[in-house]
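Morning, everyone. Let me put the model up, and then we'll go through a few items.

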Amino acid sequence: MTGDHRTEKDRRLDEARVDYEDTVLTTDQGVQVDDTDNSLKAGERGPTLMEDFHFREKLTHFDHERIPERVVHARGAGAYGYFEAYDDSLAAFTTAGFLTSPSPRTPVFVRFSTVAGSRGSADTVRDVRGFAVKFYTRQGNFDLVGNNMPVFFIQDGVKFPDFVHAVKPEPQNEIPQASSAHDTLWDFVHLQPETTHMMMWLMSDRALPRSYRTMQGFGVHTFRLVDASGRGTFVKFHWKPRLGVHSLVWDETQKIAGRDPDFNRRDLWEAIANGDLPEWELGVQLVAEEDEHAFGFDLLDATKIIPEEEVPVRPVGRLVLDRNPDNFFAETEQVAFHLGNVVPGIDFTNDPLLQARLFSYLDTQLIRLGGPNFAQIPVNRPVTGVHNNQRDGYHQSVIPCGRASYHPSSLGGGYPVVGGENAYRHHQERVDGEKIRRRSESFADHYGQATLFWNSMAGWEREHIVAAFRFELGKVEHAHIREGVVRNLNNVDHDLAVLVAEGIGAEPPREVTTPNHGRSSPALSQDHEPVRSVSTRKIAVLVADGVDVTQVAAVSGALAGMGAVCEVLAARGGAVLGENGDRLEVTRPLTTVASVLYDAVLVPGGRRSVQALAEDGDALHFVSEAFKHGKAVGALGAGAELLEAAGIESASPPGVVTGTAEDLGDFASAFAEAVAAHRHHGRPTGRIPA
């Protein structure tokens with residue numbers, strides 16, 4: 001990154017970067033090494049000598065290279081970028097400068113993650129996704145540590161160890177990895193009704209994002225904005241992706257986990273490397289403090305949303321990711337997020353889950369990063385100066401000068417002094433109450449918003465939710481757990497409970513325990529105001545010798561001009577020869593990829609090419625599987641014969657586009673429109689194999 005795009009954070013990171021080009025190998029002490037392929041021995045076949053300091057240093061460092069992985073959110077990917085406020089309209093609500101001034105841009109580091117799995121698990125499992133943003137503001141670091149779902153499983157942080165123990169692999173055999181489809185999780189769920197709303201989200205396709213670039217983000221909790229006079233305003237934070245919200249389907253995710261377990265992190269890395277910069281819009285929901293109790297739920301309850309129809313989301317700025325890390329461990333693995341990292345103008349509320357996270361996120365870094373000085377790691381350093389009396393500890397990397405490390409002091413001029421008008425001041429509020437272990441009655445409704453979510457789903461989304469419950473509970477061995485979940489779902493919607501029960505061999509409930517209230521929030525559906533774009537969509541072009549190269553060039557060129565990425569696939573690598581002898585380079589051999597790694601498939605004409613593909617089982621499966629997963633399928637000329645051979649009806653179901661050599665322009669436009677729709681749900685699958 002060069003020129004005007006470099007931020008203050010980039011300049012600070014330059015101090016820590018090490019370029020090894022044109023250097024000589026040395027020890028950690030700077031001594032040049034003459035041989036790193038052979039240890040020092042007594043004779044060519046003799047024992048290794050302990051005096052070989054290079055051997056001992058090299059092996060000792062290697063033995064200690066691993067650090068504890070995160071207890072949750074262990075699997076992740078990250079990138080640098082910037083945040084830019086649209087205007088100063090939030091100045092009436094907060095003194096946080098990065099939210100109230102479009103200039104300068106605020107540098108950020110963003111880390112996306114799965115929650116339950118280990119560092120070595122797959123990207124595409126059914127799970128919540130972390131969406132954590134570290135803002136390097138001129139007032140200090142602000143960490144917005146959220147998820148791609150706006151609610152959570154529990155209301156009080158004291159239950160967090162219980163939930164995590166339940167969802168993690170079962171302790172007797174460390175099975176299953178990165179999966180919620182097992183007894184201990186669902187045992188916890190059916191005994192803890194407050195999980196119901198979040199479980200509806202987890203069973204939806206929101207748990208299967210197509211890309212980090214196509215998923216929303218939420219701050220989850222209710223925070224406070226604080227203005228210059230000390231007046232507070234409740235706030236919920238929302239991230240909305242520029243490319244729209246799009247998901248995979250369940251069958252697809254399982255196959256991707258085998259074909260490319262790095263699917264989401266690879267997608268993020270390649271998009272940034274190719275200049276297709278991921279972008280999100282930051283929006284806020286603002287609620288005046290005097291309206292705190294104006295809702296049918298408690299703003300402090302992390303298992304609840306504020307429906308957008310009641311409080312619209314107000315766009316305030318944009319987030320752009322424009323640089324990949326230089327080193328995964330040094331940056332993505334060592335970045336430390338903490339909800340307690342706030343700046344003037346942003347404060348907390350009494351949300352009991354938020355309060356617990358304020359402790360836990362700081363505490364967990366102490367063992368993971370080896371002590372209290374993790375804020376000195378380059379990726380964690382603020383762009384502002386750091387001046388305090390914290391001293392010593394493991395990995396202290398600065399050299400504090402002077403005699404006094406306490407306050408107040410008369411030595412050294414009494415510095416650092418306490419801040420003035422720019423210092424952080426906590427929002428003042430009166431707090432009264434008895435010392436009790438009890439939740440407010442305003443937290444008691446565990447089903448109303450779960451029903452709201454169900455009512456808001458499109459037909460295909462409901463089908464996928466039912467299928468997800470059936471899959472997960474079908475893995476549960478104990479019948480009483482499955483039956484308990486069905487009882488809970490009957491409080492959400494009777495028809496939902498019956499459909500799930502019928503799929504898992506449980507007794508369907510005969511009576512409605514809680515009538516469906518009929519309310520919905522259209523904004524919760526992925527079908528609500530969908531963003532349709534072919535930008536960065538990956539399209540597989542299936543070819544063999546005899547392909548019509550002119551068609552490939554024309555349509556691929558048109559799609560690339562719209563921002564799509566076309567890859568030519570054939571039975572072998574290298575190149576194929578077109579029907580006129582033209583050479584067409586192959587991007588990848590068909591045997592190294594699969595339809596699940598692409599957003600659409602195109603079969604160009606050329607009779608010999610189509611005949612060869614029709615005799616190739618991999619090609620037939622590729623097309624039929626893409627169709628089964630609701631993806632756009634296009635065919636030109638004789639290419640339509642391959643679709644028929646793959647079992648796709650000739651009546652052109654939704655998302656299937658055919659054309660001829662005479663209408664390449666119209667075909668490209670129609671096919672692009674089908675690709676931009678992302679998925680075409682509800683297709684008849686005919687004789688396509690499951």
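A definition to start: buried is under 20% relative accessible area, exposed is over 50%, and partly exposed lies in between, with a 1.4 Å probe and protein chains only. Cys-566 has 23% relative accessibility, so it is partly exposed. Cys-401 is at 69%, so it counts as exposed.

Ground rules. This is a predicted model: local features need pLDDT of at least 70, side-chain atom pairs count only at pLDDT 80 or more, and totals for chains, interfaces and linings use all residues. Residues are numbered from 1 along each chain as its sequence is written, and side-chain values use heavy atoms, leaving out hydrogens and water.

Next, a helix pair. Helices here are DSSP runs of H or I, at least four residues, numbered from the N terminus. Helix 12 (residues 459-474) packs on helix 14 (residues 494-504) at about 40 degrees, axes 9 Å apart. Axes are lines fitted to C-alpha atoms over the stretch in contact, and angles run from 0 to 180 degrees between N-to-C directions. That angle makes helix 12 oblique to helix 14; oblique is whatever is left after under 35 degrees (roughly parallel), over 145 (roughly antiparallel) and 65 to 115 (roughly perpendicular).

Last, Val-476. Where is it? In the loop between helix 12 and helix 13 (479-490). At 3% relative accessibility, Val-476 is buried. Leaving aside neighbours within four places in sequence, its contacts (heavy atoms within 4.5 Å) are His-182, Asp-183, Trp-186, Ile-481 and Arg-482.

Technical notes. Helices (H or I, at least four residues) and strands (E, at least two) are DSSP runs, numbered from the N terminus.
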